Amino acid sequence: MKGRLSQYKHYLLLLYFPVYLAAFRWLETVTPDKIHIIECSLDKYIPFMEIFIVPYLLWFAYIGGAGIYLLFRDKESFCRMMYFGMIGMTLFVVVSWLYPNGLELRPETFARDNVFVTLTKFVYSMDTSTNVLPSIHVYNSIGVCAALWHSEKLKDKKWLQISSSVLMVLIILSTMFVKQHSMIDVMSASILAWASYELIYNERWADFRDALQGARYRKKTVPGLFGK
């Protein structure tokens, strides 16, 4: 029984989501004394393109689908993906708390009225233009793509990994084209994702990762923190 429970202990990582979502909802209800507007001069050259609401919304299926697959099929990759996400989402909450921020990029009127504009208006109504730095849409898209590329279960499915990369790029672009994020949000999320990738996947940090779990360093492909 103990061995069976140990086999599924990675499921406990899912407990992070209720904590994160509670923190995020709390941030959305807080009215800070000042909101720092996150914009740069390059943002005004990026046009609003309602068609990009499609990859923006596909993010939810992308994250959820990859997470469910790795949860049941590749424990090690699932753990890597979760630790990657937990780093970024925790820092996002801290930044939003200490440095309340927001955008003033959303269009006030729309040149067309179609299904994509309707979907965009729906997203705007459900998600305020506050707490945007760094972009979790961008950060987690990179994290999921990295997990799929490093998954041993998918090493023979290059078409899926390439498709994942294409979708990741479209999602990143969508955050700017539907005016949900500034280029600053995207760049900060990308830099944070690079740092997290180095920590999670680079073998030079293997001894540090093992030390975090009190394990003796063992030279192997998958570090102890994420392994068996």
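First, the ground rules. The model is predicted, and local features need pLDDT of at least 70, side-chain atom pairs count only at pLDDT 80 or more, while totals for chains, interfaces and linings use all residues. Residues are numbered from 1 along each chain as its sequence is written, and side-chain values use heavy atoms, with hydrogens and water left out.

Let me start with the overall fold. The chain has nine helices and two strands. Helices (H or I, at least four residues) and strands (E, at least two) are DSSP runs, numbered from the N terminus. In sequence order the pattern reads α-α-β-α-α-β-α-α-α-α-α. There are 228 residues, and 44% of them count as buried. Buried means under 20% relative accessible area, exposed over 50%, and partly exposed in between, with a 1.4 Å probe and protein chains only. On contacts, which means heavy atoms within 4.5 Å: among those between residues at least 6 apart in sequence, 80% join residues at least 24 apart.

Next, a helix pair. Helix 6, residues 136–150, packs against helix 8, residues 183–201, at an angle of about 35 degrees, and their axes are 8 Å apart. Axes here are lines fitted to C-alpha atoms, for helices over the stretch in contact, and angles run from 0 to 180 degrees between N-to-C directions. The crossing of helix 6 past helix 8 is right-handed.

The classes are Ala, Val, Leu, Ile, Met, Phe, Trp, Tyr, Cys and Pro as nonpolar, Asp, Glu, Lys and Arg as charged, and the others, Gly among them, as polar.

Tyr 197 also comes up with Arg 80: the two are 117 residues apart in sequence and 9.5 Å apart in space, C-alpha to C-alpha. Arg 80 is in helix 4. Arg 80 counts as buried because its relative accessibility is 7%.

Now the largest pocket. A pocket, on a 1 Å grid over the protein atoms alone, is an open set of points where a 1.4 Å probe fits, with protein on both sides within 12 Å along at least five of seven lines; lining residues have an atom within 4 Å of a point. The largest pocket holds about 940 Å³ of space. That volume is the space filled by probe spheres set on the points, with grid points joined across faces, edges and corners. It is lined by 40 residues, and Tyr 20, Trp 59, Phe 60, Ile 136 and His 137 are the closest to its centre. Helix 2, helix 3 (53–73), helix 4 (75–98), helix 5 (115–126) and helix 6 each give two or more residues to the lining. Helix 3 has the largest share, nine residues. The lining divides into 25 nonpolar, 12 polar and three charged residues.

Asn 131 is at 10% relative accessibility, so Asn 131 counts as buried.

Lys 179, in the loop between helix 7 (158–177) and helix 8, also has a positive phi, near 60 degrees, in a residue other than glycine. Is Lys 179 buried or exposed? Buried, because its relative accessibility is 8%.

Gln 161 is in helix 7 and is buried, with a relative accessible area of 0%. Leaving out residues up to four places away in sequence, Gln 161 touches Leu 148, Trp 149, Ser 151, Leu 154 and Lys 155.

Technical notes. A crossing is left-handed if the near helix is turned anticlockwise from the far one by less than a right angle, and right-handed if clockwise.
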